[in-house]
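Here's a quick briefing on a protein model, covering its aromatic rings and one of its helices. Take a look at the structure first.

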Amino acid sequence: MTAVFSHGRLRLYLLKLLDDGPKHGYELIRLLEDRFLGLYAPSAGTIYPRLQRLEVEGLVSHTAAGGRKVYEITEAGRAELRQRADELATLESDITASVEDLSALAGEIRTEVRGSVRDLKRELREAARQTRQARWAPPPATTRPPSNGAPRPTAESPLLAEFDQRLAAFTVEVGALVRAGRLTDTQLRTAIRLLDGALEGLRRLLR
């Protein structure tokens with residue numbers, strides 16, 4: 001859970017969202033995700049236990065609709081919102097600041113990922129070039145041809161063609177994922193580690 005919702009503040013914000021109208025748990029999750037510009041989304045395991053607690057406290061009630069529980073704020077819940085109006089205003093301000101911080105961090109991470117992708121693309125192209133040169137180069141004069149008579153790979157080698165196709169597909173897909181901007185901070189950090197690991201693996205392979 002994002003730090004802005006520590007100390008029971010998520011409970012208060014759920015009441016605020018329900019004050020705008022009845023909603024089921026999935027809608028509340030999506031509203032919170034939208035509020036944080038997709039940079040944070042609470043899990044069902046975070047939302048539903050709090051809704052159940054609010055119901056036990058008499059602050060919300062629910063009805064069944066289409067196989068889902070639809071939650072609605074009660075008069076007691078509205079009374080709590082009125083009593084904690086100043087706290088709610090502070091919470092809204094903190095959420096705005098948190099979204100700005102998360103957006104800035106996500107922008108920095110995306111920039112780092114793009115840089116890593118560019119570096120990886122250059123390394124892969126260089127690896128492909130060196131591989132082709134090594135495979136197409138004629139053997140030294142003192143080297144005998146393979147005893148089994150197997151032909152050396154050529155520019156038309158199926159393996160080399162497959163390598164080029166995989167490299168192009170990888171570049172396009174990674175670039176699309178980054179440009180989409182839907183990766184969470186955790187996913188972006190994981191992507192950076194994966195790119196670094198793939199690049200190091202290729203370097204070791206070509207030593």
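**Rings and a helix face**

Y13 is buried, with a relative accessible area of 2% (buried means under 20% relative accessible area, exposed over 50%, partly exposed in between, with a 1.4 Å probe and protein chains only). Keep in mind that this is a predicted model: local features need pLDDT of at least 70, side-chain atom pairs count only at pLDDT 80 or more, and totals for chains, interfaces and linings use all residues. Residues are numbered from 1 along each chain as its sequence is written, and side-chain values use heavy atoms, with hydrogens and water left out.

**Aromatic rings**

- There are four aromatic pairs in the structure (rings of Phe, Tyr and Trp, the last by its six-membered ring, pair if their centres lie within 6.5 Å; planes under 30 degrees apart count as stacked, over 60 as edge-to-face and the rest as tilted).
- F5 and Y13 make a tilted pair, because their ring centres are 5.8 Å apart and their planes sit at 45 degrees.
- F5 counts as buried, at 1% relative accessibility.
- F5 also pairs with F36: the centres are 5.8 Å apart and the planes at 65 degrees, so this one is edge-to-face.
- That pair links distant parts of the chain, 31 residues apart: F5 is in the segment before helix 1 (9–19), and F36 is in the loop between helix 2 (25–35) and helix 3 (44–56) (helices are DSSP runs of H or I, at least four residues, and strands runs of E, at least two, numbered from the N terminus).
- Ring pairs tie F5, Y13, F36 and Y40 into a cluster.

**Helix 4**

- G77, E80 and L81 are buried in helix 4 (residues 75–83).
- Those buried residues fall within an arc of 100 degrees seen down the helix axis, so they line one face of helix 4 (the arc is that of the directions from the helix axis to the C-beta atoms).
- E75, R82 and Q83 are exposed on the other side of helix 4.
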